[in-house]
Amino acid sequence: MERLQKVIANSGYCSRRNAENLILDKKVMVNGKVISELGCKVSPTDVITVEGKIINQQKKEYVLLYKPRGVVTTTKDEHNRKTVLDLIETNIRLYPVGRLDYDTSGLLILTNDGELANLLMHPRNKIDKVYVSKVEGLVTKDQILKLRKGLTIDGFKTALAGARIIKYDKKTDTSIVELTIHEGKNHQVKKMLSAIGHEVIKLKREKVSFLTLKGLKSGEYRYLNIKEVKKLYNEAKNKDSI
């Protein structure tokens, strides 16, 4: 038995807080009966209807994918390009948590657990995402300080970030930079690096929270174990309460 609002959130319909509001607004039914108070618990056999739509209680799956370049982070593509779902063998409908650009590789989580997805994506929970980028030119210490302090892109001031220079190749005049952020604005890493005068040649996400790509090759994936899932929940919820 699980709380009704958690089951709704896990279905991917909305966040747990929004599910609570829907319950209080009398927009949720269990087995044909309107539920208007929090605290109701349901079993996997109960029929849950939210705003007239039946919620599907599926087994939860959590996949860590090493996304290759040249693959789109979406469930389907109108241009018939390969999607991240094409790389995973499952009968359960999974959704990517956040996104990686078509030409960006690296760690991507896919799941049908809507609550965890919302926790990981919300900026207030400050889930670290570590990117390694190859950029044009020599990145200076002053430029690294600007990345750390935050800068304005598209009218948005980025939060404090982790940034360091890994190496500089004089022969190719390129730098390798590591950047740690917890936001997820569109093309944010590329725009941050461009804002300090360096265009991105290659970009890869190495980590999300404590998860890494260790043991995986590009295009490969693995399932998260229960300890990893609980650790992700604990980290996100603890940061949310700070």
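The entries below follow those topics in turn.

I worked from a predicted model, in which local features need pLDDT of at least 70, side-chain atom pairs count only at pLDDT 80 or more, and totals for chains, interfaces and linings use all residues. Residues are numbered from 1 along each chain as its sequence is written, and side-chain values use heavy atoms, with hydrogens and water left out.

Cysteines. I searched for disulfides (a pair of cysteine sulfur atoms within 2.5 Å) and found zero. The sulfur of C14 has its closest cysteine counterpart in C40, 15 Å away, which is too far for a bond. I noted C14 as buried at 12% relative accessibility and C40 as partly exposed at 21%; buried means under 20% relative accessible area, exposed over 50%, and partly exposed in between (1.4 Å probe, protein chains only).

Surface charge. I recorded a positive patch formed by R69, K134, K167 and K202. Such patches take residues with over 30% relative accessible area and no salt bridge, like charges being joined within 9 Å; a salt bridge is a side-chain nitrogen of Lys or Arg within 4 Å of a carboxyl oxygen of Asp or Glu. K202 lies in strand β15, residues 200-208, and is partly exposed at 46%.

Backbone. Most residues other than glycine have a negative phi. I looked up K26, whose phi is positive at about 60°; K26 sits in the loop between α2 (16-24) and β2 (28-30) and is exposed at 57%. K126 also has a positive phi, about 50°, and lies in the loop between α3 (114-121) and β10 (129-136). Helices (H or I, at least four residues) and strands (E, at least two) are DSSP runs, numbered from the N terminus.

Technical notes. Patch = residues over 30% accessible without salt bridge, like charges linked within 9 Å, V, L, I, M, F, W, Y side chains within 5 Å. Areas by Shrake-Rupley, 256 points an atom, 1.4 Å probe, with all protein chains shown as cover. Lys, Arg positive; Asp, Glu negative; His and termini not counted. Charge placed at Lys NZ, Arg CZ, Asp CG, Glu CD.
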